[in-house]
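Dear colleague,

Please find below the structure that I promised to pass on to you. My notes on the model follow directly after it.

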Amino acid sequence: MTAALTVYAATFMRYSMAVTPKNYLLFACHFVNFGAQSTQGFRFLQYWHNGGREEALKLKAQQSLQSAKTQGKGAIAQVEEKGKGILQQGEAKLNEVKDKVVK
């Protein structure tokens with residue numbers, strides 16, 4: 001569709017200057033359309049044929065990996081905190097038992 005609209009815009013840009021009187025408004029409209037369609041065509045070719053898709057997938061994979069690392073570090077911190085709490089509880093129980101044995 002982009003190719004068809006690009007050809008259409010280019011064709012009617014030429015015809016807008018071929019008629020008498022010259023239709024500058026029609027030329028301007030088709031010039032803007034030609035530019036927009038050319039940009040879309042370039043973006044399509046860049047994404048599918050010049051490595052744009054691979055770059056997007058690589059960036060997405062890097063972001064996912066970073067997110068997983070962050071979540072993993074958060075989980076490790078939670079486990080460490082819980083382990084410290086359990087250790088403190090165990091030490092408190094041990095001290096209680098020692099106090100009872102000593103008395």
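How many residues does α2 have, and how far does α2 reach from its first C-alpha to its last? The helix has 26 residues and reaches 36 Å, close to the 38 Å expected at 1.5 Å a residue; the expected span is 1.5 Å times one less than the number of residues. Helices here are DSSP runs (H or I, at least four residues), numbered from the N terminus, and strands are runs of E of at least two.

Before the details, a word on the basis of these notes. This is a predicted model, in which local features need pLDDT of at least 70 and side-chain atom pairs count only at pLDDT 80 or more, while totals for chains, interfaces and linings use all residues. Residues are numbered from 1 along each chain as its sequence is written, and side-chain values use heavy atoms, with hydrogens and water left out.

The pLDDT (the predictor's confidence in each residue, from 0 to 100) averages 91 over the protein, and 99% of the residues score at least 70. Confidence is highest in α2, at a mean of 95, and lowest in α3, at 88.

Helix α1 has 17 residues and spans 24 Å from its first C-alpha to its last, close to the expected 24 Å. Its buried residues (under 20% relative accessible area; exposed means over 50%, partly exposed in between, with a 1.4 Å probe and protein chains only) are Thr 6, Ala 9, Met 13 and Ser 16. These residues lie on the same side of α1 because they cover an arc of only 95 degrees around the axis, the arc being that of the directions from the helix axis to the C-beta atoms. The face turned away from this buried side carries the exposed residues Ala 3, Val 7 and Arg 14.

The buried residues of α1 pack against α2. Thr 6 of α1 counts as buried because its relative accessibility is 17%. Leaving aside neighbours within four places in sequence, Thr 6 is in contact (heavy atoms within 4.5 Å) with Phe 34, Gln 37 and Ser 38.

Between α1 and α2 there is a loop that holds Pro 21. The peptide bond from Thr 20 to Pro 21 is cis, with omega near -5 degrees.

In α2, the residues His 30, Gln 37 and Gly 41 are buried, and α1 (2-18) is included in what covers the buried residues of α2. His 30 has a relative accessible area of 9% and is therefore buried. Apart from neighbours within four places in sequence, His 30 is in contact with Tyr 8, Ala 9, Phe 12 and Met 13.

After α2 comes Gly 51, whose phi is positive, near 90 degrees. Helix α2 (residues 24-49) packs with helix α3 (residues 52-102) at an angle of about 65 degrees, and their axes are 4 Å apart. Axes are lines fitted to C-alpha atoms, for helices over the stretch in contact, and angles run from 0 to 180 degrees between N-to-C directions. Gln 46, Tyr 47 and Trp 48 of α2 make this contact with Gly 52, Arg 53 and Ala 56 of α3. By type, the residues of the contact are three nonpolar, two polar and one charged; Ala, Val, Leu, Ile, Met, Phe, Trp, Tyr, Cys and Pro count as nonpolar, Asp, Glu, Lys and Arg as charged, and the others, Gly among them, as polar.

Val 79 and Asn 33 are 46 residues apart in sequence and 59 Å apart in space, C-alpha to C-alpha.

With kind regards
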